[in-house]
Amino acid sequence: MRDFSLLILAWMSLLVVLPVIRCKEQRELSEGNLLVVTVATKETDGFRRFMRSARHFNYTIKVLGRGEPWKGGDYMTTPGGGQKVRLLKAGLQEMKEEDKVILFIDSYDVVFASGPKELLKKFQQTRHKVVFSAETLIWPDRHLEDKHPHFREGKRFLGSGGFIGYVPNLKEMVADWTGEDNDSDQLFFTKIYINPEKRKSINITLDNRCRMFQNLHGSLDEVVLKFEDGQVRARNVLYDTLPVVVHGNGPTKLQINYLSNYIPTVWTFETGCSGCLEDLRPLSGLKESEYPLVVIGIFIQQPTPFVSVFFESLLKLEYPKNRLKLFIYNQEQHHEVEVSSFLKDHEKAYQGVKVIGPEENMDRVASRNLGLDMCRQDKDCEYFFSMDIEVVLKNKDTLKILIEQNEPIIAPMITREGRLWTNFWGALSADGYYARSEDYVDIVQGRRVGVWNVPYLTKVYLVKASLLHEELSSNDLFSSGTLDLDMAFCHNARNKGVFMYVTNMHTFGRMLSTENYQMSHLHNDLWQIFENPKDWEERYIHENYTKIMRDKLIETPCPDVYWFPLFSDIGCDHIVQEMENFGQWSGGRNTDTRIQGGYENVPTIDIHMTQINYEKEWQKLLLDYIAPITETMYPGYYTKCISYLNFVVRYKPDEQPLLTPHHDASTFTINVALNSKEIDYQGGGCRFIRYNCSVEAPRKGWALMHPGRLTHYHEGLRTTAGTRYIAVSFVDP
């Protein structure tokens, strides 16, 4: 009985001691025991991203293969990667510590989501000596599927892109490697794993529930972003786990790029884009001569409105012009006037200018390649800034901002007014075309602000010249099968592992719509009030119009007569020039077939808006810019601003110098001065007879608004010299 009691006590003591031993074993596996080993023969954008995430969590990294040529094949489509096994085997020979834990991981398409402490804890909890990442899909030999062990839950197949283990066990695992550099590492490790004896001897298992490793290929539907307490993790919703390492293996490079916009804490709801302030290239403090030399490529490929405005914006860029060279490709004869005018006045301000005009008949693809070549062949060129003519840059610091961000390819986010259409795509469809990423709308609408790794850019972007000598050294970057030129360029950049970014950290501008652009007029931009209303307004509406109510700019020169700024000088000039270009002025007779009934009681020498096909646009002007003023100044009166007669009147001393007293056949009348007294003409003005009140010095671009019938009997005062123009609308009701 005594012996039995002693036996019970011994077992109880053992049960107490074993957990202590196990706890001691776990405590001994400290962060100092972990070494992350990766193979990187070249420092790519993906490798730099990997290193940033590693530094964030204080991982210790050892890089193998630096400077070696990569001979491991392109195992995106065919097996390869044997070079990694060779390098690992050699590297392990130098490691003597038996308690050292090695995390062997890919780097070009990997980010860390958590630190060494969590990784080691999860590794210990497996109670195995080597743990591989797991995959849903078997690769590269499907015939081996049945030989894989079954799990009650989780993924069955080994992934060679990430594994963790003790040095002695890893040495044993790779000891038999004698393969070539382009042999399959995945197949080598798979054959070890499916061999029961070797699996047991080395003590291998899979991270089948993605607690440590998340391979994205075959598992995209399982992975979501988790935002919590100022951190961002990838969460596997199938197993409810938070993997430490996220790997964009196989054809999931775009998905890892998307996730790495957030993981580990690149962007959070609490801090915004903390990663956007890393690795900058500040320009402040530099002398003008020290600024990077930039070649700006300007591409005019189709009839486009507001081309002259584009060149005005180019001149306003806050960047030393003697550090800029211009490459201008113009395919449109229609725009030769604007290009020539710009060069005549400003070419000498730039360090160099190259122009490819429509007479050279160069195709679009060749022009893009030639533009890059201008930078590539200039040893001093550091950046190529590509701009399509439909880009409207409103931020004068755009070029400096992009350079300072120090990314390989980066675009300022520009939008199309009133739409979600931008110059970037957040994702690609399976066939390589547009797809909307989950965060696209938030980025476009400014709810998420940062610098975003994206798969596609267009219209305007900055390229580092160093890329043009290395990854993008091909002379034909804008061709790729059936893809259009921008898609081809982005496709070629992605295939070379070059990251492309878009920033919405500032407001940069917008892009024009080129749809329905007419070229049958002298000033075609006047017709853009529907397609590009914001640009039309900035060009043609008076700069003080928006201040009318706030700053009380409406004047009352006579009773119930209101005077306010409406058109810009350019707006006035273009209307006058358009009318003179049309040239079919009326004879100023009572008989007028242009109006209903054919009789004009108070005739003028004029051209109707309908004659130049501008009636619809003028009605839009009245509704958008006159109606709000009317409803404010005439309380209780609401108008749809339907005008049955809109026209431009010309007064000349030897033609029609004045207009006799009359009532307008309108509820109210708009009368806009289109040129300047004392500069363009003498005399003129309008006298309201009942009130004996005159407006004798009309301001160019300002509108007089007054009641038409009954109360405001008025006359047009004599023009004594020059030519006076006014635009008139009879609004009813």
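Biologist: How far apart do the C-alpha centres of domain 1 and domain 3 lie?

Modeller: The C-alpha centres of those two domains lie 73 Å apart. Keep in mind that this is a predicted model, where local features need pLDDT of at least 70 and side-chain atom pairs count only at pLDDT 80 or more, while totals for chains, interfaces and linings use all residues. Residues are numbered from 1 along each chain as its sequence is written, and side-chain values use heavy atoms, with hydrogens and water left out.

Biologist: Which stretches are the domains, then?

Modeller: Domain 1 is 31-275, domain 2 is 285-509 and domain 3 is 524-731. Those bounds come from an automatic or database domain assignment.

Biologist: Which residues touch the most other members in the largest nonpolar core?

Modeller: I296, F311, F385, I409 and F489 do, in a core of 93 residues. A nonpolar core here is a set of buried Ala, Val, Leu, Ile, Met, Phe, Trp, Tyr and Cys residues joined through side-chain atoms within 4.5 Å. Buried means under 20% relative accessible area, exposed is over 50%, and partly exposed is in between (1.4 Å probe, protein chains only). Strand β14 (residues 293-300) gives the most to this core, with 6 residues.

Biologist: Why does this core lie between domain 1 and domain 2?

Modeller: Because both domain 1 and domain 2 give residues to this core. A second, separate core has 46 residues, including L566, I575, W585 and F668.

Biologist: And what is F311 in contact with?

Modeller: Leaving aside neighbours within four places in sequence, F311 is in contact with I298, I328, E338, V339, F342 and I389. Contact means heavy atoms within 4.5 Å.

Biologist: OK, sheets next. What's the strand order in the open sheet of 8 strands?

Modeller: The order is β16-β15-β14-β17-β25-β19-β26-β23, with mixed pairing. Strands are DSSP runs of E, at least two residues, and helices are runs of H or I, at least four, both numbered from the N terminus. Two strands pair if DSSP finds at least two bridges between them.

Biologist: Which strands stand at the edges?

Modeller: β16 (352-356) and β23 (451-454). Each has a single partner strand, so one side of each is left without a neighbour in the sheet. Neighbouring strands of this sheet are turned by 20° against each other on average, direction ignored. Axes are lines fitted to C-alpha atoms, for helices over the stretch in contact, and angles run from 0 to 180 degrees between N-to-C directions.

Biologist: What packs on the sheet?

Modeller: Helix α10 (residues 336-346) does, touching β14, β15 (324-330) and β16. The direction of α10 makes about 160° with that of β15. Within the sheet, β17 (residues 381-388) and β25 (residues 460-464) pair in the antiparallel sense over 5 bridges, and M387 has V460 in β25 as its bridge partner.

Biologist: Switching over to β3. Is that strand mostly covered or exposed?

Modeller: Strand β3 (residues 101-105) is mostly covered, with 5 of its 5 residues buried. V101, L103 and I105 point one way, while I102 and F104 point the other way.

Biologist: Which strands does β3 pair with?

Modeller: β1 (residues 34-39) pairs with β3 in the parallel sense over 4 bridges, and V37 stands opposite F104. β3 also pairs with β6 in the antiparallel sense over 5 bridges, where I102 has G165 as its bridge partner.

Biologist: Last topic, rings. How many aromatic pairs are there?

Modeller: The structure holds 43. Rings of Phe, Tyr and Trp (its six-membered ring) pair if their centres lie within 6.5 Å; planes under 30 degrees apart count as stacked, over 60 as edge-to-face and the rest as tilted. F132 and F163 form a tilted pair, 4.5 Å centre to centre with 40° between the planes. F132 lies in strand β5 and F163 in strand β6, so the pair ties together parts that are 31 residues apart in sequence. Both F132 and F163 are buried.

Biologist: Which residues do ring pairs link into a cluster?

Modeller: F104, F132, F163, W177, F188 and F189.
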